[in-house]
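Have a look at the model first.

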There are 2 protein chains.
Amino acid sequence: MNIPKSDLPRVVIIGGGFAGITLTRKLLKEDFQTVLLDRNNFHTFQPLLYQVSTSGLEPDSIAYPLRKITRSSDRAFFRMAEVESIDPEKNTIYTNIGEMVYDYLVIATGSKTNFFGNKSIEEHGMWMKTVPQALNIRSLILENLEQAVITDDPVKRKALLTFILVGAGPTGVELSGAIAELKRNIVPQDYPDLNPDEMEIHLLEGLDRVLPPMSEEASAKAHKFLKELGVQVHLNTMVESYDGENVTTNTDRVFKSSTFIWSAGVTGAPVKGLNASALVEAANRYEVNVFNQVNGYENIFAIGDIAVMQNEEYPRGHPMVAQPAIQQGKHLAQNLKRLVKGEKLEPFHYKDKGTMATVGRNRAVVDLDKWKFGGFFAWFVWMFIHLWYLIGFRNRLVTFFNWVYNYINYDKAARLIIRPFKGAKEKMEDRRV
Amino acid sequence: MNIPKSDLPRVVIIGGGFAGITLTRKLLKEDFQTVLLDRNNFHTFQPLLYQVSTSGLEPDSIAYPLRKITRSSDRAFFRMAEVESIDPEKNTIYTNIGEMVYDYLVIATGSKTNFFGNKSIEEHGMWMKTVPQALNIRSLILENLEQAVITDDPVKRKALLTFILVGAGPTGVELSGAIAELKRNIVPQDYPDLNPDEMEIHLLEGLDRVLPPMSEEASAKAHKFLKELGVQVHLNTMVESYDGENVTTNTDRVFKSSTFIWSAGVTGAPVKGLNASALVEAANRYEVNVFNQVNGYENIFAIGDIAVMQNEEYPRGHPMVAQPAIQQGKHLAQNLKRLVKGEKLEPFHYKDKGTMATVGRNRAVVDLDKWKFGGFFAWFVWMFIHLWYLIGFRNRLVTFFNWVYNYINYDKAARLIIRPFKGAKEKMEDRRV
């Protein structure tokens, strides 16, 4: 892998998500040789992926070249690589571009979509964890609209104009809100030959409220906002199967739809090679102690979505969102410095900064520790926070510009079918990436 | 195809390039039912494609949704369709989404890459006529750099760092200039483990000067600029074959390269169904009279790259660039109005507004009728003209912003390998689109 030899202890970080890049940045000037690995050459700002899917933003606004992070230090290296396995006895990892010895290994591989074993959904549905997947969803939505225009068969047209979103977490809520905005502002203008009333957006949730991780106030407000936007919310509704056209559920309701987007669960994305006891099997995530050390190992750490740090407040580990990942990345940087100095490690404490979700234009819900609010001001806060956390000054500027432009013009500039999704069998691969 | 019936005469326009969208725009408010067809749902601003290839711009900056053009009129329609053939007897076209009768047919299908029958180039080379192809080139360049970093074999590394561009027309010159800028400004920072001197950019041209369609002054200046940037120009050099690694030429020189970009020729992209006499066989373009009527037909027109209007000044037709296409589109709109009113048609006269090409940062060459100049001012003019002709206010703003940002920061923001090109056999299809 051509990493130069060095007297400094080598930290290898697998994954350039929030956890991995925060840790990398904190180690740049420290006495470590830092090696960041990722299968992509960019970091993806996942909270805004849904805007890529719905033509609001282009990938370059939410992706950040990982080499721009490592290049500011001559002790830091990036390699585009897929890690295949770990040999903890030999302190070695094996990748598609060769093997590498580490002194400290940090697993920050995040999470992937969980289908709970449902093959029909995995085969026919769409999901959205990566930029190519988001672009596929964009192409599919636009292709379905194009096809609806030329279809005489009312049943087929109805299916092309019916959008099923499963799972009313932030992703499902934000995506359905954005598709509802397309229906309101883009479809009537761009597709004058379509009747926008024929377009239906259904959000299906197995639990009894939307945004289950948030407060009941937030759920109620988000539900109201979704209804106002024309999203049909179906609670206590579990999907049983999707064959590419028919959606069956645990209720009598059957939907016919050409667009089925699954955002009803995630599971860890661990790497092969560690002892079985390192993994919390149900979650597919590594069990870590308060120092983020993986159970059974001293020099292997896990941070972010892939780590489960159980305590009284979080019996199943921290929520799989950006904040714990960022905070653990920061904290681990300090602990690694302590470790090489022979100092005592400090336990990690999660500071919950609150959660939020946006519902279309002008509306969002925000849960802070002592203050829960929704509506226009919340939407403003949502935008500000997302711009703030977006990586890179340029990305903030471009995203801000696009938001202002789209807002003023009720427009979505990126409604481009760059690579058609449908009928392209080979593209199926991309959904599985 | 679900186009409503109308008493207005129907103009069907095949192709949303410069010619097609100019004509469509001019007909929006006129007494025609206008139907614009394209295989993509967007117009591509081809003169800036090379910046998409070299990470300077994202597709949304140079692509424009075609429905944004037709939506401002209730007499204009867009359909995403691939035209398969024409039946001039029945005034009917056949497409992948059905058939349609026309009163007037306008063929504006443009041109495609010409390999002059060389299968090895078609099989192993890259070219750049569409956005997906440009994105493939971007991915390939970045993937080669990533691979060069991890390669111990000096011969293999050399091939990964050798970029062969064939054809020193504007595309070849602009692309090689942009790759040279990558070598200067991005590679040393992003790839500190690579020796930038190992990176070589070779521009091969069969004729005895670069930019053969431009003046000798422009050629000489551009050649000088390319040399200053470190591009190695090889004149009187014709490529014989490329097997994915070795480039053989008519000279003794053999190159080893993983990146071979072919921009040495275009040929027309006609549609099946018209009489053989309609086509100028050598060029694969339709022969048209001074009214852009295709030879042998009264209600079938061809405009832009696909049309050859021969006269004394242009014995082989107008140059296959944007200006003749735009001017013919405008002119044909007027003639169609005359035609339905029973008035006499007016002959087309091409007004040569000049040609230009840019060579990296700060340098360009411009040929106007009476004034030929090069350097910084020419580069400024080049930028201004390209912004001016770019379709859509937003695209101008975004492109301008990106140029300013990239210029100040010596940066290219979009160096993202969104969809890897290499090893993905299925992606090969995209190169042929």
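What follows covers the interface and then one group of strands.

This is a predicted model, where local features need pLDDT of at least 70, side-chain atom pairs count only at pLDDT 80 or more, and totals for chains, interfaces and linings use all residues. Residues are numbered from 1 along each chain as its sequence is written, chains are lettered from A and ligands numbered from 1 in the order in which they are written, and side-chain values use heavy atoms, with hydrogens and water left out.

**Interface of chains A and B**
- Chain A puts 50 residues into the contact and chain B puts in 50 residues (contact means heavy atoms within 4.5 Å).
- About 4900 Å² is buried between chain A and chain B, with 54% of that from carbon and sulfur atoms (buried area is the accessible area, 1.4 Å probe, that two parts lose on being put together, summed over both).
- Arg67(A), Arg71(A) and Arg419(A) give 16% of what chain A buries against chain B, more than any other three residues.

**Salt bridges**
- The rule picks out eight salt bridges across the interface of chain A and chain B (a side-chain nitrogen of Lys or Arg within 4 Å of a carboxyl oxygen of Asp or Glu).
- Lys68(A) and Asp411(B) make a salt bridge, with their closest N and O atoms 2.6 Å apart.

**Strands in chain B**
- β24(B) (residues 364–367) and β25(B) (residues 372–375) run antiparallel, joined by four bridges (strands are DSSP E runs of at least two residues, numbered from the N terminus, and two pair if DSSP finds at least two bridges between them).
- Val366(B) sits opposite Phe373(B) in β25(B), and a hairpin of four residues links β24(B) to β25(B).
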